[in-house]
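Colleague: I would like to learn how to read a structure step by step, beginning with the whole chain and ending with single residues. Could you take me through one?

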Amino acid sequence: MSDSGADGEGALRDDDTLDAIRSALIEWYETDHREYPWRQTDDPYAILVSEIMSQQTQLDRVVAAWDDFLEEWPTVEALADAARGDVVSFWSDHSLGYNNRAKYLHEAATQVVDEYDGQFPETPDELQELMGVGPYTANAVASFAFNNGDAVVDTNVKRVLYRAFGVPDDDAAFETAAADLMPAGRSRVWNNAIMELGGVACEKTPTCDTAGCPWREWCHAYESGDFTAPDVPTQPSFEGSRRQMRGRVIRTLGEYDELTLDELGPRVRVDYGGETGEAWLRELLADLRDDGLVEIDADSEPTVVRLQS
Ligand code: SF4
């Protein structure tokens, strides 16, 4: 991490910590992630089509449209040869949003064929020369097709960086922190992984434990219980059954020798406090103690809790 990087308290400037943070995320992503067909290819044309389609359409709905599109026009040459009206009709028939995107995509295919001899350019800067391809899309294609991109910074990534490392809500700070965090030469897996984290774990209402977030041990929000973010201005609502909460207490205590109530509470529920604060936690712990699962040491100051030995 650079001095302007992700962590104001300096923890991440330690290279070993940074390596551990990177490895944990990549391992988490590689162990299990949502399978989208464009994640199985490094064909820049197929990836560009997926990126343009997903600008306005939910990923799950893009899958069928993407399959159909590539069946109709399997290569950049085939798309360049197509009649523009056919591409636009395809777009509206599949409810893919603004028809201009279909026109631009067709135009970009023509550019690749005419100006680049059918070979996509490989850098974000050159890819941005293509019609309708902005900085985000150019970087996504450079990363996923050529493993040659910069660190992606989108709304999901900002939310993750803000919560996990206390990066201030400032575009330049997000850019710097994201770039510092990305391991050199690994944009393909890294950008996929951090976007996946924002998409399935660090969502507006985070599911830190159930999604097995690999950054819990370093995450400021997980530590403090404050899960607000630039796009989540107030503490997110949080649903959880009593059974889930009991499970969380046991899992959390399994990771530590003992915890105070103030340390345990925010790790159990993101909205710890108020009606679901200390009194609520004490009642839950009393149940678990009665079931022989935890020990509550009320003689210590403050009270600490541990798993029943
Ligand atoms: S621990 Fe929770 S808040 Fe922190 S990065 Fe992971 S999912 Fe987000």
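**Reading the chain from whole to part**

Modeller: The chain holds 15 helices and 3 strands, and please keep in mind that what you see is a predicted model. Along its principal axes, the C-alpha trace spans about 80 × 40 × 30 Å.

Colleague: What percentage of the residues count as buried?

Modeller: Of the 309 residues in the chain, 36% count as buried. As for the contacts with a separation of 6 or more, 60% are accounted for by residues 24 or more positions apart.

Colleague: Which domains does the assignment give, and how many Å separate their centres?

Modeller: The domain assignment gives domain 1, residues 43-146, and domain 2, residues 242-307. Their centres, taken over C-alpha atoms, are separated by 51 Å.

Colleague: Let us turn to the ligand. Which of the residues around the ligand come nearest?

Modeller: There are 14 residues around the ligand, and those that come nearest are Cys 202, Cys 208, Cys 213, Cys 219 and Tyr 222. When the shell is divided by class, 12 of its residues are nonpolar, none is polar and 2 are charged.

Colleague: Which residues of H9 and H11 meet?

Modeller: From H9 come Asn 156, Val 157, Arg 159 and Val 160, which meet Ile 194, Met 195, Leu 197, Gly 198 and Gly 199 in H11. By class, this contact of H9 with H11 has 5 nonpolar, 3 polar and 1 charged residues.

Colleague: At what angle do H9 and helix H10 pack?

Modeller: H9 and H10, the latter covering residues 171-181, pack at an angle of about 80 degrees, with their axes 10 Å apart; H9 and H10 are therefore roughly perpendicular to each other. Here Val 157, Lys 158, Leu 161 and Phe 165 in H9 meet Phe 174, Ala 177 and Ala 178 in H10, and by class that contact has 6 nonpolar, no polar and 1 charged residues.

Colleague: Where is Ser 95 placed, and is Ser 95 buried or exposed?

Modeller: Ser 95, which is not a glycine, has a positive phi of about 50 degrees, and its place is in the loop between helix H5 (84-93) and helix H6 (99-115). With 10 other C-beta atoms within 10 Å, Ser 95 is exposed. Asp 117 has a positive phi as well, near 60 degrees, and is placed in the loop between H6 and helix H7 (124-127). Asp 117 is exposed, with 7 other C-beta atoms within 10 Å.

Note on methods:
Residues are numbered from 1 along each chain as its sequence is written. This is a predicted model: local features need pLDDT of at least 70, side-chain atom pairs count only at pLDDT 80 or more; totals for chains, interfaces and linings use all residues. A residue is near a molecule or strand if its C-beta atom, placed from the backbone, lies within 6 Å of it. Ala, Val, Leu, Ile, Met, Phe, Trp, Tyr, Cys and Pro count as nonpolar, Asp, Glu, Lys and Arg as charged, and the others, Gly among them, as polar. Two residues are in contact if their C-beta atoms, placed from the backbone, lie within 7 Å. Helices (H or I, at least four residues) and strands (E, at least two) are DSSP runs, numbered from the N terminus. Domain bounds come from an automatic or database domain assignment. Axes are lines fitted to C-alpha atoms, for helices over the stretch in contact, and angles run from 0 to 180 degrees between N-to-C directions. Angles under 35 degrees count as roughly parallel, over 145 as roughly antiparallel, 65 to 115 as roughly perpendicular and the rest as oblique. A residue is buried if 20 or more other C-beta atoms lie within 10 Å of its own, exposed if 12 or fewer, and partly exposed in between; C-beta atoms are placed from the backbone.
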